[in-house]
Amino acid sequence: MTVLLLDQVHLHLTNLKLLTMETILEPTLERAMTEKMTPLETIGYLAEMEWKNRVSSTISTRMRYAGFPIVKRNENFDFSFQPSIDATVVRDLSTLRFVQQAENVVFLGPPGVGKTHLAIGLGIAAIEAGFQVLFINASVLIERLKEAYRQDQLDRYLKKLVKPKVLIIDEIGYLPFDSQAAYCFFQLISRRYERTSTIFISNKSFGEWGEIF
């Protein structure tokens with residue numbers, strides 16, 4: 001391959017935004033010659049590397065958008081430490097059927113049992129499956145909803161919150177909701193209902209939720 005032709009291939013790959021292929025083109029061609037790879041094998045390898053890099057880049061972008069406070073995976077969860085948690089239920093949730101069916105998930109229990117770990121683990125699994133996820137603390141969410149309401153921007157902010165396929169709301173009940181907060185929160189849940197999935201995390205039992213709202 002002449003230098004001119006090689007330069008043209010680099011330019012075409014760059015213009016097509018096939019940046020991984022452009023970066024590894026020459027070492028791949030050298031490897032192809034050494035290992036006697038066929039043209040199809042060479043193209044296949046370049047395409048595979050481009051695809052893998054794009055998937056990795058997309059996941060990284062979605063992880064940043066999600067805003068997880070820490071990275072936790074459910075395959076690393078120690079169920080022996082929390083025998084009260086049904087591993088079968090968690091494994092079923094990890095299939096992400098609840099996301100595909102736009103169902104909600106609620107994690108209840110005292111601090112330290114692993115609720116947030118499990119919720120984040122489901123969120124990461126959803127991202128790796130191609131879904132958009134957002135993690136937010138309930139207090140932060142309520143303040144943003146109320147601020148949007150005061151500025152007559154509630155509808156616009158709600159549309160933004162409806163977009164993530166999975167919304168994880170942590171620490172519900174840490175602070176009670178006033179009437180305005182309850183109204184805004186209801187509007188959010190109403191818009192997401194049966195369209196997208198919401199994961200609720202709370203230290204309060206269902207019987208105590210009346211104190212929150």
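Because the model is predicted, local features are given only at pLDDT of at least 70 and side-chain atom pairs only at pLDDT 80 or more, whereas totals for chains, interfaces and linings use all residues. Residues are numbered from 1 along each chain as its sequence is written, and side-chain values use heavy atoms, with hydrogens and water left out.

**The two domains**

Begin by colouring residues 1-66 as domain 1 and residues 74-211 as domain 2, bounds that come from an automatic or database domain assignment. The centres of the two domains, taken over C-alpha atoms, are 39 Å apart. At the boundary, 5 residues of domain 1 are in contact with 11 residues of domain 2, contact meaning heavy atoms within 4.5 Å. The domains bury about 740 Å² between them, 65% of it on carbon and sulfur atoms; buried area here is the accessible area (1.4 Å probe) that two parts lose on being put together, summed over both.

**Within residues 1-66**

Move to Arg-31, whose charged end sits over the ring of Tyr-45, 4.6 Å from its centre; the criterion is that NZ of Lys or CZ of Arg is within 6 Å of the ring centre and within 35 degrees of the ring normal. Then pick Leu-29 in helix H2 (residues 19-35), where helices (H or I, at least four residues) and strands (E, at least two) are DSSP runs, numbered from the N terminus. Leu-29 is partly exposed, with a relative accessible area of 26%, on a scale where buried means under 20%, exposed over 50% and partly exposed in between (1.4 Å probe, protein chains only).

**Helix H8 and what covers it**

Select residues 154-162, helix H8, in which Leu-154, Tyr-157, Leu-158, Leu-161 and Val-162 are buried. Viewed down the axis of H8, these buried residues fall within an arc of 140 degrees, so they line one face of the helix; the arc is that of the directions from the helix axis to the C-beta atoms. Among the elements that cover them are strand S2 (133-137), helix H7 (138-150), strand S3 (166-172) and helix H9 (179-192).

In helix H7, stop at Lys-146, which counts as buried at 12% relative accessibility. Leaving aside neighbours within four places in sequence, Lys-146 is in contact with Asp-178, Gln-180 and Ala-181.

The whole structure holds 4 aromatic pairs, meaning rings of Phe, Tyr and Trp (its six-membered ring) with centres within 6.5 Å, stacked if the planes are under 30 degrees apart, edge-to-face if over 60 and tilted otherwise. One of them joins Tyr-149 and Tyr-183 edge-to-face, at 6.0 Å centre to centre and 70 degrees between the planes. This pair links distant parts of the chain, with Tyr-149 in helix H7 and Tyr-183 in helix H9, 34 residues apart. Another edge-to-face pair is Phe-177 with Phe-185, at 5.3 Å centre to centre and 70 degrees between the planes, and both Phe-177 and Phe-185 are buried.

**Two residues with positive phi**

Finish in the loops, with Ala-102 between helix H5 (97-100) and strand S1 (105-108). Phi of Ala-102 is near 55 degrees, and Ala-102 counts as buried at 13% relative accessibility. In the loop between H9 and strand S4 (197-202) lies Glu-194, with phi near 60 degrees; Glu-194 counts as exposed, at 58% relative accessibility.
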